[in-house]
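Visitor: I would like to go through this model with you and ask, for each term you use, what it rests on.
Guide: Gladly; let us look at it together.

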Amino acid sequence: MSSSHIMTAFDEELKYLTRRISEMGGLAEQMVAESVRALVHSDLALAQKVISDDVILDDAEREIGEKAIVTIARRQPVASDLREIMGSIRIASDLERVGDLGKNNAKRVVAVAGSGIPRKLARGLEHLAELALVQLKEVLDVYASRSPEKANSIRERDEEIDAIYTSLFRELLTYMMEDPRNITPCTHLLFCAKNIERIGDHATNIAETIYYMTTGAQLEGERPKDDNTPSVGATGA
Amino acid sequence: MNIMSEAAVEKALEQKMSDAHFKMVGKDVSVYYGEKRALFDVNLNVRKNTVTALIGPSGCGKSTFLRTLNRMNDTIEGCRVTGSITLDNADVYDQSVDVVELRARVGMVFQKPNPFPKSIYENIAYGPRIHGLARSKADFDEVVENSLQKAGLFNEVKDRLHEPGTGLSGGQQQRLCIARAIAVGPEVILMDEPCSALDPIATAKVEELIHELRTNFTIVIVTHSMQQAARVSQRTAMFHLGNLVEENDTDKMFTNPDDQRTQDYIMGRFG
């Protein structure tokens with residue numbers, strides 16, 4: 001923001017939204033990382049912590065929404081101010097969803113814990129989560145710096161997450177076919193992988209929102225997609 | 001068939017239509033008050049059946065430009081206008097133009113409601129009488145009722161048409177002034193901050209009126225209220241230090257303006 005408002009209280013309100021979004025982002029990141037760690041190490045206590053942390057994100061989203069409504073009503077923002085406020089509402093809801101997905105992973109820890117995840121699968125899952133977390137971290141940096149040119153590269157990198165998700169999907173199918181006793185834990189892991197893949201999508205949403213917020217234009221073209229799981233069959237695995 | 005190109009053609013046609021529908025065209029308009037230059041080569045077209053809002057900080061030249069459109073500046077001593085302004089392609093500053101007739105075609109409503117110290121009826125009948133637009137009492141009755149109807153005031157005043165116009169509330173007085181402007185059958189109505197002396201309810205009524213009047217008239221409004229410009233206009237022109245900074249669709253102007261000065265002004269930032 002190059003210049004500030006004549007009404008300083010308006011600046012304070014916008015700063016409040018920015019600060020809360022950054023806090024939400026930090027917590028969402030942490031929840032996702034912890035949920036995967038809990039999953040891989042069968043850490044029930046950590047899983048429980050992730051589940052209870054989700055309330056904080058839910059509250060933050062509500063507070064951001066309320067503050068945004070009050071600001072719109074009182075300041076009648078226009079142009080980039082209006083886009084900024086609408087953007088913060090959208091980003092808050094994406095981050096809240098990221099938290100939900102982390103929480104969902106944490107809830108599955110109990111079901112997966114007893115069965116012992118094969119080392120290779122665990123590594124695949126960790127790698128997927130690492131990528132999604134890098135994505136999330138970078139998009140939050142872009143939010144902090146408001147640099148629209150970086151928003152585009154984040155969207156492109158979502159492709160990589162999709163590709164790894166597809167290969168994990170195939171692997172999980174193979175394990176299930178090998179031994180029916182694997183079906184229960186593998187199905188949970190499949191959901192976990194899907195959840196992580198969705199986190200990448202939310203990061204991409206946020207990147208698009210930031211692009212619109214800063215430029216007033218929509219990112220051109222289709223999202224790059226490399227999620228081939230809809231066409232993967234048991235025989236093809 | 002290529003759908004995209006058809007849409008493009010449609011857009012081009014629309015553009016052509018709107019180009020053909022410029023009611024007034026200002027070209028390189030400059031205004032001097034004695035030595036002081038108040039407007040710098042302003043090029044601004046006023047579209048037919050459109051509400052055009054002129055915005056900008058105090059002293060930016062928006063009212064000066066508005067007043068050039070019906071030569072209200074003629075009354076100010078030492079005021080000089082260069083460039084050209086046309087109404088339906090005819091130069092309004094041409095020697096042959098009768099200024100009184102011009103102002104009947106391009107009417108004006110001012111910041112403060114200024115009804116004549118006469119009855120409501122006479123306030124409206126005055127214009128048509130001096131312009132010879134009505135003769136019989138029935139003619140006058142009709143023009144008075146019609147104008148009051150169009151200004152959304154008839155139902156409120158129909159039982160007291162012969163009471164003084166100055167006895168109405170501020171908002172009613174302003175709508176009376178609009179009815180008075182309508183009575184002589186203008187094509188363009190200029191409004192110079194018509195709501196700045198009104199409360200929010202009266203403002204809403206005048207804004208609703210402006211919105212309705214667009215179907216029959218071309219309207220140019222100067223306003224200090226960004227929200228009012230956003231609410232009532234389809235086109236917005238932003239003035240700054242005597243220059244036209246940006247003219248755009250109002251939707252674009254208030255979501256993603258092209259010019260940094262417009263951005264700073266409408267968002268209430270330090271430039």
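**Strand β9 of chain B and its surroundings**

Guide: In this predicted model, strand β3 (residues 51-55) of chain B is joined to β9(B) by 4 bridges, and the two strands run parallel.

Visitor: What makes β3 and β9(B) a pair of strands?

Guide: Pairing requires at least two bridges between the strands, and β3 and β9(B) have 4, so they count as paired. Within this pairing, B:Ala53 stands opposite B:Thr236 in β9(B).

Visitor: How do you know that β9(B) also pairs with β10?

Guide: The cut-off of at least two bridges applies again, and 6 bridges join β9(B) to strand β10 (residues 243-249), here in an antiparallel arrangement.

Visitor: Why is β9(B) called largely enclosed?

Guide: A residue is buried if 20 or more other C-beta atoms lie within 10 Å of its own; in strand β9 (residues 235-240) of chain B, 6 of the 6 residues are buried, so the strand is largely enclosed by the rest of the structure. B:Arg235, B:Ala237 and B:Phe239 point one way, whereas B:Thr236, B:Met238 and B:His240 point the other way, and all are buried.

Visitor: Why is A:His127 called partly exposed?

Guide: A:His127, which lies in helix α4 (residues 119-145) of chain A, has 13 C-beta neighbours inside 10 Å. A residue is exposed at 12 or fewer and buried at 20 or more, so A:His127, with 13, counts as partly exposed.

Visitor: How many residues of chain A and chain B are in contact, and what kinds does the side of chain A hold?

Guide: 12 residues of chain A are in contact with 13 residues of chain B. The residues on the side of chain A divide into 5 nonpolar, 6 polar and 1 charged.

Note on methods: Residues numbered from 1 in each chain as written. Chains lettered and ligands numbered in written order. Predicted model: local features only at pLDDT ≥ 70, side-chain atom pairs only at ≥ 80, totals over all residues. Contact = placed C-beta atoms within 7 Å. Nonpolar A, V, L, I, M, F, W, Y, C, P; charged D, E, K, R; others polar.
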